[in-house]
Amino acid sequence: MGIKRIAVEEAFVTEEIAQEWKKVLASKFVEPGFQMMGNTILGDDPGARMVHSRLVDTGAGRIQQMDADGIDMAVLSITSPGVQAFDAVTATRLAKDANDALAKAVQANPTRLAALAAVAPHYPQGAVQELQRAMTSLGMKGFLINSHTMGEYLDDRKFWPIFEAAEALDAPLYLHPREPGPDLVKPFLDYGLYFAGFGFAVETSLHAMRLIMCGLFDEFPKLKIILGHMGEGLPFWLQRIDNRYLLQVKIGAVKKMKRLPSDYFLDNFVITTSGVMSAPALKLSMEVLGAERIMFAADYPYESVTEGVQFMDTVDITDAHRQMIYSGNAEKLFKL
Ligand code: MN
């Protein structure tokens with residue numbers, strides 16, 4: 001196949017951050033969902049050890065795997081929950097270190113790798129400075145935040161300087177999942193529901209809806225937010241969200257915004273295919289958003305890249321759309 005494949009939600013971590021997670025997990029104050037998640041990456045079983053070794057490798061091993069999987073370029077970002085599990089001071093320091101390490105990896109393989117920056121949202125001024133540094137000095141293509149930070153969501157106005165900087169720097173924000181926040185997680189803890197199959201999407205779609213409903217995009221109309229996992233389910237819901245929003249406005253239950261919730265979603269959001277190998281889900285998303293708002297992602301090393309590529313190579317869409325989703329849209333959005 002002659003189509004270039006760019007995967008845009010590809011995870012890495014520094015060994016130092018992995019070690020700091022271990023300390024958090026051993027402490028009394030660990031969030032319950034994170035406690036359960038930690039074992040995926042930090043456990044002692046062979047599966048966890050393999051994920052760990054793949055996450056910390058941003059060099060030859062990573063490139064070799066990309067070659068084997070047929071991935072031409074990977075946009076790397078810090079794996080969930082990144083630095084957001086640490087206090088603001090530690091998080092700010094470790095985000096900076098992670099960005100330096102990632103920038104070096106990209107420098108060593110500039111045609112194969114690109115990067116999204118990590119920031120510590122709980123120190124917004126520091127996050128703004130780090131985003132500026134990452135976008136200007138380090139050549140990064142945007143930034144990634146792993147949903148809630150200590151249970152707080154980015155609709156809170158104290159975080160808005162981050163969005164102001166993102167808009168000014170033309171830095172797309174990848175709003176990546178993590179387990180549901182502390183006020184939300186309890187009924188997710190049984191049956192493994194806190195995890196990627198369902199809880200991540202509930203947490204992250206809720207976060208995205210909070211951003212829409214708080215009026216963020218009236219203030220920063222050029223902001224670009226990326227959601228993985230086929231938009232975390234939101235393309236399916238848009239008509240009903242609009243319909244009930246209008247009713248709530250009518251009865252005075254919510255404030256009227258300039259535009260409908262779906263208008264913001266369709267203008268300010270881009271979604272990726274990470275972890276979703278479903279033709280009906282892709283086709284619905286293409287019908288709702290248009291192929292130009294969908295990018296391919298493999299979610300290495302958590303998902304099978306072989307399956308992701310196999311799906312996208314063979315799913316019944318036109319080759320023009322396949323090319324846009326595989327690479328054209330990412331090249332434009334990230335200026336690759
Ligand atoms: Mn991911």
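## Helix pair α1 and α5

Helix α1 (residues 15-26) packs against helix α5 (residues 88-108) at an angle of about 155°, with the axes 10 Å apart; axes are lines fitted to C-alpha atoms over the stretch in contact, and angles run from 0 to 180 degrees between N-to-C directions. The two helices are therefore roughly antiparallel to each other (angles over 145 degrees count as such). Helices here are DSSP runs of H or I with at least four residues, and strands are E runs of at least two, numbered from the N terminus.

On the α1 side, Glu16, Ile17 and Glu20 meet Thr90, Arg93, Leu94, Asp97 and Ala98 of α5, where contact means heavy atoms within 4.5 Å. The residues of this contact divide into 3 nonpolar, 1 polar and 4 charged.

## About the model

This is a predicted model, in which local features need pLDDT of at least 70 and side-chain atom pairs count only at pLDDT 80 or more, while totals for chains, interfaces and linings use all residues. Residues are numbered from 1 along each chain as its sequence is written, and side-chain values use heavy atoms, leaving out hydrogens and water.

## The manganese site

Now to the metal. Glu9 (OE), His176 (NE2) and Asp299 (OD) coordinate the manganese ion at 2.0 to 2.3 Å; donors are N, O and S atoms within 2.8 Å of the metal (3.2 Å for Na, K and Ca), and sites may look incomplete because water is not among the atoms. Glu9 lies in strand β1 (residues 6-12) and Asp299 in the loop between β9 (294-295) and α14 (305-314), so the pair ties together parts 290 residues apart in sequence. Both Glu9 and Asp299 are buried (under 20% relative accessible area, with a 1.4 Å probe and protein chains only).

Technical notes
Buried means under 20% relative accessible area, exposed over 50%, partly exposed in between (1.4 Å probe, protein chains only). Angles under 35 degrees count as roughly parallel, over 145 as roughly antiparallel, 65 to 115 as roughly perpendicular and the rest as oblique. Ala, Val, Leu, Ile, Met, Phe, Trp, Tyr, Cys and Pro count as nonpolar, Asp, Glu, Lys and Arg as charged, and the others, Gly among them, as polar.
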